Amino acid sequence: MQSKQATGLDTRMMTPMYVGFFVIICQCFTPWLSIPMLKRCRLPNTYSVFRTNDFIHNIQTAAQNCDRVEIQPLTQREISVLMTTSLCLKIASLLMIAVMVWVIVSVLIQKNKSKTVVRIGFALNLMHNLVICVLGVFTNFLVNQKMGHPNTFFNLSIHSETQLTPWVYGQIVLSVILLFAVDKLLSLHESDSPRLYVERTIKEDSRFSRRTWVAVAVILIAIPLVIFFGIYFLGERSNVFIGLCIVCLAMLPFTMVFESRKPQARELLIIAVMSAIAVVGRMAFFMLPQFKPTTAIVIIAGIGLGAEAGFLTGAVSGFVSNFFFGQGPWTPWQMFAFGIIGFLAGILFHKNNWLNHLNKNVKLVIVCLYGGIATLCIYGFIMDFSGILTMTANGITWHALLAKVASGFIFNLIHASSTVITLFVFSRPMEKKLNRIKKKYGILEV
């Protein structure tokens, strides 16, 4: 048993099963189609594969009964073609569910002998989703024609009135990855020789390693570009999608931690636990405006686990907690603000020798000062700037920015105070626990 756990063999072989379950869930429950114009009529604007009949009916309803949507009604022939296509999609989805069940059972029973089945299953899923993409384009042609819009590139992509949700593109990406990685995932010869946890590779973490520079590039260049792209091209239609993109980008430098060895579940679980604590901490004080310990937990994660883990904890915490507080154009900015504070905490305090000669109380004061200043200045400024950028019609002006900063200063001060109080009470015991876990299992130290 210890040998099998050390090689990570079962984890790799179960990856196609997990992706198969994901495809089945997408086929059954997740929305695949989005029609932003129906928001103007207060009609449902997202539809799963098995609810495409409602999509056709609501377009016709909007054309006939909604004054806020300028679209010509569908002809009887067009309705008939769309209904036939809808029926074919439902049948194809049912077949895809059966194929994924076949893949899961094959991997479960045959393990490494199921490579051909897995390859065929995900090739079919890739074709299925690509066909849906093509049908989405043709539906856009029809809707643009009915609305009198020219079929330009922007009207067929970014500003399209019929859009595919990220669930479709997620299946395409996963299917492509599985097609190329199936040999390695299901091979018995790819496993490492067993090693005890205390013998796992632990390298001294240089202050500016390659993954740190990758993280800096992602945080300072890639993520801001994604946020601005979402603001200027996607508007308010894809806040959750932009949030998912930020989480994926945040994971890029973090996955480089595992470039020289196989990751184990406990190494990912510790960041998930820190993110969960940050989310619960934000929810627990919902009744107190801006008094939230989330930033403090993110800082502790950065100090104890490193800069990349600190950014990932902050980004995930902001994204997940807003499923309770409400997603909106502020979500990507909150994710970025939380994340960069955790990243800087890791750069300043994680494995830095200049703190070792200081008294414990002095180190605690320095950490609290960083938490207060970072929350007040970095988080406060980013959120104030985002408010000006996303919620004003007259653009960014110095007067508007100063007014926003002045009006939000008290709230930012309360937020900073909550961060300082949480760090003062919890930073030392939580850091001890994190160090003990890292030392015991040899995790996140590459």
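Modeller: Let's start with Cys133, which is buried, with a relative accessible area of 18%. Keep in mind that this is a predicted model.

Colleague: How do I read that label, and is Cys88 buried, exposed or partly exposed?

Modeller: Buried means under 20% relative accessible area, and exposed means over 50%. Cys88 has a relative accessible area of 47%, so Cys88 counts as partly exposed.

Colleague: Thanks! How many disulfides are there?

Modeller: In general, a disulfide is a covalent bond between the sulfur atoms of two cysteines. Here the count comes to one disulfide. The bond joins Cys41 to Cys66, with an S to S distance of 2.1 Å. This pair links distant parts of the chain, 25 residues apart: Cys41 sits in the loop between S1 and S2, and Cys66 in the loop between helix H3 (52-65) and helix H4 (76-110).

Colleague: Which hand does the disulfide of Cys41 and Cys66 have?

Modeller: The torsion about the S-S bond is about -100°, so the disulfide is left-handed. Cys41 is buried at 17% relative accessible area, and Cys66 is buried at 14%.

Colleague: Now the sheet: in what order do the strands come?

Modeller: Three strands make an open sheet with antiparallel pairing, in the order S2-S1-S3. Strands S2 (46-47) and S3 (163-164) are at the edges with a single partner strand each, so one side of each has no neighbour in the sheet.

Colleague: And what joins S1 to S3?

Modeller: Two bridges join strand S1 (residues 33-34) to S3, and these strands run antiparallel. To find one yourself, look at Leu33, whose bridge partner in S3 is Leu164.

Key
Residues are numbered from 1 along each chain as its sequence is written. This is a predicted model: local features need pLDDT of at least 70, side-chain atom pairs count only at pLDDT 80 or more; totals for chains, interfaces and linings use all residues. Side-chain values use heavy atoms; hydrogens and water are left out. Two strands pair if DSSP finds at least two bridges between them. Helices (H or I, at least four residues) and strands (E, at least two) are DSSP runs, numbered from the N terminus. A disulfide is a pair of cysteine sulfur atoms within 2.5 Å. Buried means under 20% relative accessible area, exposed over 50%, partly exposed in between (1.4 Å probe, protein chains only).
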